[in-house]
Amino acid sequence: MENMFDINTVEIIKKILKDYPHRLVDVLNSLGERQQLSKEWLVEKLNLYKHPFRNRLKNDDVSIIILCSWYGMLAYKLIEKFKLKKIANRLYRKIDNENLKNGVLTLIKHWERNIKDMPEKELKNSEILINTSCEHLDQQTIYDTIDKTERGTLIVLQSNNYHKIQEHINTVNDLQEFVSQYQSRLINIEMHEKDFLEYKRFMILGLKR
């Protein structure tokens, strides 16, 4: 999605500034280079994951839940590259329209709610569960969410060792520590690390036991 933002994005940002001035910096941060790279990296590794996950061999449609998705960028990268909020709907409406013209139906629901209130039925029905912000969540909440998924669900998790941000309440020191938190819940784990100089981002993919 290299060209997902163009001159139209500037006009959308202006409208967001008018209607949601307190959220503008947050929106711009969500579109930053490191966010883009992290999402592209996730899609790349997801495409290379060699273990078949639940229902993947039975049909072509895949139900994916993305937790802590900020304003939805990852969802649209997945739509383009993988073989809720009002702001999110504004940012990506143009992409939705282009998808429809090309015969691709963008089926995305945006929820703005506490993760603990996520419908259990949705979690059980998903083939892939993605959480790119483990550092922002207490560990038990992450465990509880994974535990509600069905056996064989593909779980994709990202965290980092960027300790100095106050909102990062659950960072890890290295990739091995991150993996060790989930070995009792996941099998066929693949682990990856990306160096952003200031910090490292860690990612694991594995199937729910």
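Two strands pair if DSSP finds at least two bridges between them. Keep that rule in mind for this tour of a predicted model.

**Whole chain.** Start with everything shown. The chain has 209 residues, and 47% of them are buried. Color by secondary structure. Trace them from the N terminus: the order is α-α-α-β-α-α-α-β-α-β-α-β-β. The accessible area is about 11,700 Å², with 48% belonging to carbon and sulfur atoms.

**Strand 2.** Select residues 128–131, which form strand 2. Show the side chains. In a regular strand, side chains alternate between the two faces of the sheet. Which residues of strand 2 lie on each side? I128 and I130 take one side, while L129 and N131 take the other. Are these four buried or exposed? All are buried, so both faces of strand 2 are covered.

Zoom in on L67. Its bridge partner in strand 2 is N131.

**Strand 3.** Next, select residues 154–160. Strand 3 pairs with strand 2, in the parallel sense and over four bridges. Pick L129 here. Which residue of strand 3 is the bridge partner of L129? The partner is I155.

**The crossover.** Finish with helix 7, residues 139–147. Follow the chain out of strand 2, through helix 7 and into strand 3. This β-α-β crossover is right-handed.

Note on methods: Residues are numbered from 1 along each chain as its sequence is written. This is a predicted model: local features need pLDDT of at least 70, side-chain atom pairs count only at pLDDT 80 or more; totals for chains, interfaces and linings use all residues. Side-chain values use heavy atoms; hydrogens and water are left out. Helices (H or I, at least four residues) and strands (E, at least two) are DSSP runs, numbered from the N terminus. Buried means under 20% relative accessible area, exposed over 50%, partly exposed in between (1.4 Å probe, protein chains only). Accessible areas come from the Shrake-Rupley method with a 1.4 Å probe; for residues, only the protein chains shown count as cover. A crossover is right-handed if, with the strands pointing away from the viewer, the path from the first strand over the helix to the second runs clockwise.
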